[in-house]
Amino acid sequence: MVRAQTAPRRIADLDIRGSARVVPLTLLAAAGVGISTGPDFGFAIFYLIPIGLVSWWLGRASSMLIALLSTAAWIWADLVARPSVALSASLWNGLTRAAIFLMLGLLIDQVRRERVALRSVDAHREESLALIAHTLRRSAGEIESAIPDLTRAPALSAAERRAIDELRRQSRNFKRFADDVLEVGQLEAGRFRLNRERFDLSEFVATLVKETDRERLQLVAESDPVWVDADPERLRTAIEHIFNNALRFSPPGSTVHVTVGQRENRARVLVKDQGVGLARSHIDVIFRKYGRIETAATRDKIGVGLGLYVSRLVVEAHRGTVSASSVGLGLGSTFTLDLPLSSHQA
């Protein structure tokens, strides 16, 4: 088993405000202002650096203190560097700097506060969405388990059977959505393990083709095995999302071509459809979270925008890549999934 790596915490996310380190760090910033002050630095832009850093990490009070200290230091340096200038002129110029320094500190502090507030809202939204997903998956499972009893009922009319089939289809859609939401939460937080196994990717994809839609998915695979070390369940999820995306946005009855092989010491799966295609601007959107592209051709088929995002996260967790290309709208799309070959390639 291999533990999935979590992204290192960025220094911009450190929360120092309200801690015991605020006072010593404020004094350190004040020392920095003093060091950068002198006749040669009378117009010092260096004051903006400690003001900006203090505003972001230490809070509004510390930033206002450093801004006022920088103003006093600038006035003193200006008087020393230009003794012929009237004191009133230096004081007036200092007041303009004070306005700049104070506004800079306030603006950076406000940006930090808004950033924290947005992250809190986003965290609450994801928690609520996960709760909804759990409830929806449970309800979908209960609906699915009740359907076989209905199908065994005698003398069902054609309309009733169509209603049952539609109910089954919608319950599976609900379950897929719930699984995607929960999968995204685990992948983004790094709370999952990759249970790697060594297997033949060609055989693996051939099984998925049969299980997904053997009528419309046409597989072409190399005769030699393509060995990979991967988590089969998570890789299944990633590839199924790509298959379903290609089938959903292709005309009914059209063929989706699937190719498995090796390219440049990488295992590769190509999925080429004859569907609605992609504009150049769409390619950067479809693998984002909630990345949805609404056009006249996709308006009645568009989903919530999580499937391809899940595929991307799963493939990247395996140190692979997934990408898309298209000649243009209405001309089909090609999705490419690359994975490292097994270190014990036969």
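Buried means under 20% relative accessible area, exposed over 50%, and partly exposed in between. The model shown in these views is predicted.

View 1. With a relative accessible area of 43%, E316 is partly exposed; R312, at 25%, is partly exposed. An α-helix has 3.6 residues a turn, so residues three or four places apart point the same way.

**View 2. Salt bridge between R17 and D109**. Their side chains meet at 2.8 Å, N to O. R17 lies in the loop between β1 (2-3) and α1 (22-35) and D109 in helix α4 (residues 87-151), so the pair ties together parts 92 residues apart in sequence. D109 is buried, with a relative accessible area of 0%, whereas R17 is partly exposed at 22%.

**View 3. Strand β6 (residues 256-263) and its pairing with β4 and β7**. Strand β4 (residues 217-221) pairs with β6 in the parallel sense over five bridges, and L217 has V256 of β6 as its bridge partner. Strand β7 (residues 266-272) runs antiparallel to β6, joined by seven bridges; here R263 is partnered with R266 of β7. Two residues separate the strands in the β6 and β7 hairpin, where E264 takes a positive phi near 55 degrees.

**View 4. Salt bridge between D338 and R268**. The closest N and O atoms are 2.8 Å apart. D338 belongs to strand β9 (residues 334-340) and R268 to strand β7, so the pair ties together parts 70 residues apart in sequence. D338 counts as buried at 10% relative accessibility, and R268 as partly exposed at 26%.

Terms used. Residues numbered from 1 in each chain as written. Predicted model: local features only at pLDDT ≥ 70, side-chain atom pairs only at ≥ 80, totals over all residues. Heavy atoms only, no water. Pairing = 2+ DSSP bridges. Helix = DSSP H or I, 4+ residues; strand = E, 2+ residues; numbered from the N terminus. Salt bridge = Lys/Arg side-chain N within 4 Å of Asp/Glu carboxyl O. Buried < 20%, exposed > 50% of the residue type's maximum accessible area, 1.4 Å probe, protein only.
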